[in-house]
Amino acid sequence: MAGLNGNKKVDSNAKIGWNIYMDSNFSLFPSENLLPFDGIANYLGVVMSQEILTQYLKIMTDSLPWQQDEVVIYGKKILTQRKVVWFSDHQKPYGYSRTSKLPTFWTKEVIALKEIVEKHSGVSFNSCLANYYHSGEEGMSWHSDDESSLVPQGCIASLSLGAERRFDFKHKKNRTKISINLEPGSLLLMSGEIQTHWLHALPKTKKVKSPRINLTFRNMV
Ligand SMILES: O=C(O)CCC(=O)C(=O)O
Ligand SMILES: [Mn+2]
């Protein structure tokens, strides 16, 4: 079982939440549910070759129309150092964190990655939020991807390129915490009731000096 650096070992015969077996060259077999209750998080491990990873990280870093994100903290709009691009088949703005983003046109690299993710998840996606973190000094605070514009309980597929980072889940009521390391080229699938009951975050860390791109594929209604 390649590349599970520090992550829980997975049962290679396990099925993911919606009964699809993975068997392509780069796929690890799907993990069991990382969450003990109230939602599903499947870590599929590395699903891309090192060659595509390196190539796409550079192309996307250099050519996507990255913009600082806006978040509202204590009623004040703040621009993040982290940058974002929003892709969607739907032309309407995507509202989250009390701000909204207009979609940009899909690029051929993002479409190619979407196809890899769709093959491994068995789900097709109509939208994607790309995040660019310059280093471990940038992260994303606790939130759920529960906007009303997203398909309720739809699968959200998170593909990571670049630096490995820790990713945390926290239950909204009992505060149970689960962490996983997201390796470069890895795919994490969140589905079921997860966004209703759990928060997730990408914590900042001084240990990581290199950049990371994360693509979260979603479905807008
Ligand atoms: O960068 C990540 O891994 C998390 C991104 C995320 O949670 C989001 O875009 O909603
Ligand atoms: Mn999120």
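Trainee: Which residues surround ligand 1?

Mentor: The model considered here is predicted. Strands β6, β12 and β13 each supply at least two residues of the shell around ligand 1. The residues that surround ligand 1 are L129, N131, M140, D145, S158, F167, L182, H200, L202, N214 and T216.

Trainee: How many residues of the shell around ligand 1 are charged?

Mentor: D145 is one of the residues that surround ligand 1, and Asp counts as charged. The shell also has five nonpolar and five polar residues. The number of charged residues in the shell is one.

Trainee: Which residue in β11 is the bridge partner of N42?

Mentor: Strand β1, residues 40-46, pairs with β11 over six bridges. The two strands pair in the antiparallel sense. In β11, the bridge partner of N42 is L189.

Trainee: Which residue in β11 is the bridge partner of L159?

Mentor: Strand β8, residues 156-162, is joined to β11 by four bridges. These two strands run antiparallel. In β11, the bridge partner of L159 is L187.

Trainee: Which residues does A41 touch, not counting residues up to four places away in sequence?

Mentor: A41 is among the members of the largest nonpolar core that touch the most other members. With residues up to four places away in sequence left out, A41 touches N33, L34, L35, F169, L188, M190 and I194.

Trainee: Is D38 buried or partly exposed?

Mentor: D38 is found in the segment before β1, and has a positive phi of about 60° although it is not a glycine. A residue counts as buried if 20 or more other C-beta atoms lie within 10 Å of its own. D38 has 16 other C-beta atoms within 10 Å, and is therefore partly exposed.

Trainee: Where is Q153 found?

Mentor: Phi of Q153 is near 60°, a positive value in a residue other than glycine. Q153 is partly exposed, with 14 other C-beta atoms within 10 Å. Q153 is found in the loop between β7 and β8.

Definitions and conventions
Residues are numbered from 1 along each chain as its sequence is written. Chains are lettered from A and ligands numbered from 1 in the order in which they are written. This is a predicted model: local features need pLDDT of at least 70, side-chain atom pairs count only at pLDDT 80 or more; totals for chains, interfaces and linings use all residues. A residue is near a molecule or strand if its C-beta atom, placed from the backbone, lies within 6 Å of it. Two strands pair if DSSP finds at least two bridges between them. A residue is buried if 20 or more other C-beta atoms lie within 10 Å of its own, exposed if 12 or fewer, and partly exposed in between; C-beta atoms are placed from the backbone. A nonpolar core is a set of buried Ala, Val, Leu, Ile, Met, Phe, Trp, Tyr and Cys residues joined through C-beta atoms within 7 Å. Two residues are in contact if their C-beta atoms, placed from the backbone, lie within 7 Å.
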